[in-house]
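Thanks for coming, everyone. Please look at the screen while I bring up the sequence and the model.

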Amino acid sequence: MTNQEAEYLMKLEKVLADPHQIIDLKDKKNRLELISHQDSERNFWVEMTSNQKIILKTSIHHLESNTYVGLLRIDFKGTHQNPSGIKDTLPEYLKPYAGKWFEPNDHHMHVFVEGYKPLAWAIPLADIDFPIKEINDASDLSDLITNFAGLINLKSQINIQQAIL
């Protein structure tokens, strides 16, 4: 997959395959199947996971040749190191982050970059225009999910059942 194909997939309007599905924030994992009426050949899923280390990992994957390829993920409390090697396919905005190590308090967004393992590259949330920078309470989780839905062009209303952090 190319960077241009990944961008195309992100911009496609998506809806929930099951419009009545509920995200239950007390569950360790929630998965939403998404479809696009603009390109019915494409299938996606969004997954929200949490564990003792990571408060919330929110990602979107696209089914490509019977394999799901990660397009975008946001991690809160996760650690990560970006690749140190810079290929021609690496967008300019990511080059300053080559080799960067993300500590648990460095909340970050992973992005697809052609020529690298899926979601190998990340950028600090502090350095991009994404409104949720911290997760401090349950309402922040709802805001994160709503803003993530906007970022991936999800047009369905999302039903969120609150959990207590």
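Let me start with a question: is N153 buried or exposed? N153 is buried, because its relative accessible area is 17%. Here, buried means under 20% relative accessible area, exposed means over 50%, and partly exposed is in between, with a 1.4 Å probe and protein chains only.

Before we go on, two ground rules. This is a predicted model, where local features need pLDDT of at least 70, side-chain atom pairs count only at pLDDT 80 or more, and totals for chains, interfaces and linings use all residues. Residues are numbered from 1 along each chain as its sequence is written, and side-chain values use heavy atoms, with hydrogens and water left out.

Now the whole protein. The secondary structure comes to two helices and 11 strands. Helices (H or I, at least four residues) and strands (E, at least two) are DSSP runs, numbered from the N terminus. What order do the elements run in, from the N terminus on? The order is α-β-β-β-β-β-β-β-β-β-β-α-β. The radius of gyration is 16 Å, close to the 15 Å that the globule rule gives for 165 residues, so the protein is as compact as a globular protein of that length. That radius is taken over C-alpha atoms, and the rule is 2.2 Å times the number of residues to the power 0.38.

Next, the box. Along the principal axes, the C-alpha atoms fill roughly 45 × 40 × 25 Å. Of the 165 residues, 46% count as buried. Now contacts, which means heavy atoms within 4.5 Å. Take the contacts with a separation of 6 or more: residues 24 or more positions apart account for 52% of them.

Let's return to N153. This residue is found in the loop between helix 2 and strand 11 (159-161). Where is L119 placed? L119 sits in the loop between strand 9 (108-111) and strand 10 (121-124). L119 counts as buried, because its relative accessibility is 6%.

Stay with helix 2 for a moment. S142 lies in this helix, residues 138-151. At 11% relative accessibility, S142 counts as buried. Which residues does S142 touch, not counting those up to four places away in sequence? They are L25, I160 and Q162.

I135 is found in the loop between strand 10 and helix 2. I135 is buried too, with a relative accessible area of 9%. I135 and W121 are 14 residues apart in sequence, and 22 Å apart in space, C-alpha to C-alpha.

Now strand 6, residues 67-76, where R73 lies. R73 counts as buried, because its relative accessibility is 17%. What joins the side chains of R73 and D75? A polar contact of 2.9 Å does. A polar contact is a pair of N or O atoms within 3.5 Å; within protein, one must be able to donate a hydrogen and the other to accept it, and residues adjacent in sequence count only if both atoms are side-chain atoms.

After that, T79. T79 lies in the loop between strand 6 and strand 7 (80-81). At 40% relative accessibility, T79 counts as partly exposed. T79 and E103 are 24 residues apart along the chain, and their C-alpha atoms are separated by 5.1 Å. Leaving aside neighbours within four places in sequence, T79 is in contact with W101, F102, E103 and P104.

E33 is found in strand 3, residues 29-35. E33 counts as partly exposed, at 35% relative accessibility. Beyond four places in sequence, the residues E33 touches include V15, F44 and Y68. E33 and D129 are 96 residues apart in sequence and 26 Å apart in space, C-alpha to C-alpha.

I22 lies in strand 2, residues 22-24. I22 is partly exposed, with a relative accessible area of 46%. Setting aside residues up to four places away in sequence, I22 touches N30, N159 and Q161.
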